[in-house]
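Here is a short briefing to read alongside the coordinates.

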Amino acid sequence: MTGDAILDEFRDAGALLEGHFILSSGLRSPVFLQKMRIFEDPVRTARVCGALGALIRESFGHIDMVVSPAIGGIIPGYETARALGCLAVFVEREDGEFQLRRGFEIPAGARVVMVEDIVTTGLSSRECIAAIRKHPGELVGAACIVDRSNGKADIGTPLVALTRLDVPAYPADQLPPELAAIPATKPGSRAIA
């Protein structure tokens, strides 16, 4: 599935929004990807995550386990793991830090990939990777559906993406006039960093 096909999936699902958006990072952007519009359709989700699984297999080889950050990464992590035929677990916050809970473990020797939905600054990816590295498995890399940083986010491990975008993001006090003229909305679920 090409990058254009992934963007078509977002367009067709009504998930590619234009306006003035406050991202989870606190940055402002004229474009927002409402990924949950993708994930509400199981057929579309399987198609997109199947393509991500194929990219992971091509890039990293055999994978034993997918680890994703809660809550936004749970669905793409699970569906990608299903496409790869491996286990899927997730990290969640405890005392402000991502950790494996619910009895999840990463066994020694397990080849692990971290799966995210969308990477913008890479903060949640880095936090998830830090949690993975506390366990004896082998982190071989990371993957996401959309890399909004266009390859600029350093998450501390190789990152592959179905598509990369160069979407501007601005601090609130450095908005271009055309963006400042539009009322801002916060469509995401995570509190602003």
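This is a predicted model: local features need pLDDT of at least 70, side-chain atom pairs count only at pLDDT 80 or more; totals for chains, interfaces and linings use all residues.

Residues are numbered from 1 along each chain as its sequence is written, and side-chain values use heavy atoms, with hydrogens and water left out.

**Fold and dimensions**

- The protein has 6 helices and 8 strands; these are DSSP runs numbered from the N terminus, with helices being H or I of at least four residues and strands being E of at least two.
- Along the sequence, the elements come in the pattern α-β-β-α-α-β-α-β-β-β-α-β-β-α.
- The radius of gyration of the protein is 16 Å, which agrees with the value near 16 Å that a compact globule of 193 residues would have; this radius is taken over C-alpha atoms, and the globule rule is 2.2 Å times the number of residues to the power 0.38.
- Taken along the principal axes, the box filled by the C-alpha atoms is roughly 55 × 35 × 25 Å.

**Burial and contacts**

- Of the 193 residues, 47% count as buried; buried means under 20% relative accessible area, exposed over 50%, and partly exposed in between, with a 1.4 Å probe and protein chains only.
- Among contacts between residues at least 6 apart in sequence, 65% join residues at least 24 apart, where contact means heavy atoms within 4.5 Å.

**Charges and salt bridges**

- The protein carries 20 positive and 24 negative side chains, and the centres of the two sets lie 1 Å apart. Lys and Arg count as positive and Asp and Glu as negative, while His and the chain ends are not counted; each charge is placed at NZ of Lys, CZ of Arg, CG of Asp or CD of Glu.
- A search of the whole structure finds 15 salt bridges, each being a side-chain nitrogen of Lys or Arg within 4 Å of a carboxyl oxygen of Asp or Glu.
- E9 and R47 meet in a salt bridge at 2.6 Å, N to O. This pair links distant parts of the chain, with E9 in helix α1 (residues 3-12) and R47 in helix α3 (residues 42-60), 38 residues apart.
- E9 is buried at 8% relative accessible area, whereas R47 is partly exposed at 37%.
- E9 and R47 also belong to a network of salt bridges with D41 and R44.
- K134 and E97 form a salt bridge, their closest N and O atoms being 2.5 Å apart. K134 sits in the loop between α5 (123-132) and β7 (138-147), and E97 in strand β5 (residues 97-100), 37 residues apart.
- K134 is exposed at 54%, while E97 is partly exposed at 41%.
- R164 and D147 meet in a salt bridge at 2.4 Å, N to O. R164 lies in strand β8 (residues 159-164) and D147 in strand β7, so the pair ties together parts 17 residues apart in sequence.
- D147 is buried at 0%, and R164 is partly exposed at 37%.

**A residue in strand β8**

- T163 is found in strand β8 and is buried, with a relative accessible area of 7%.
- Leaving aside residues up to four places away in sequence, T163 touches G3, I6, L7, I145, V146 and D147.
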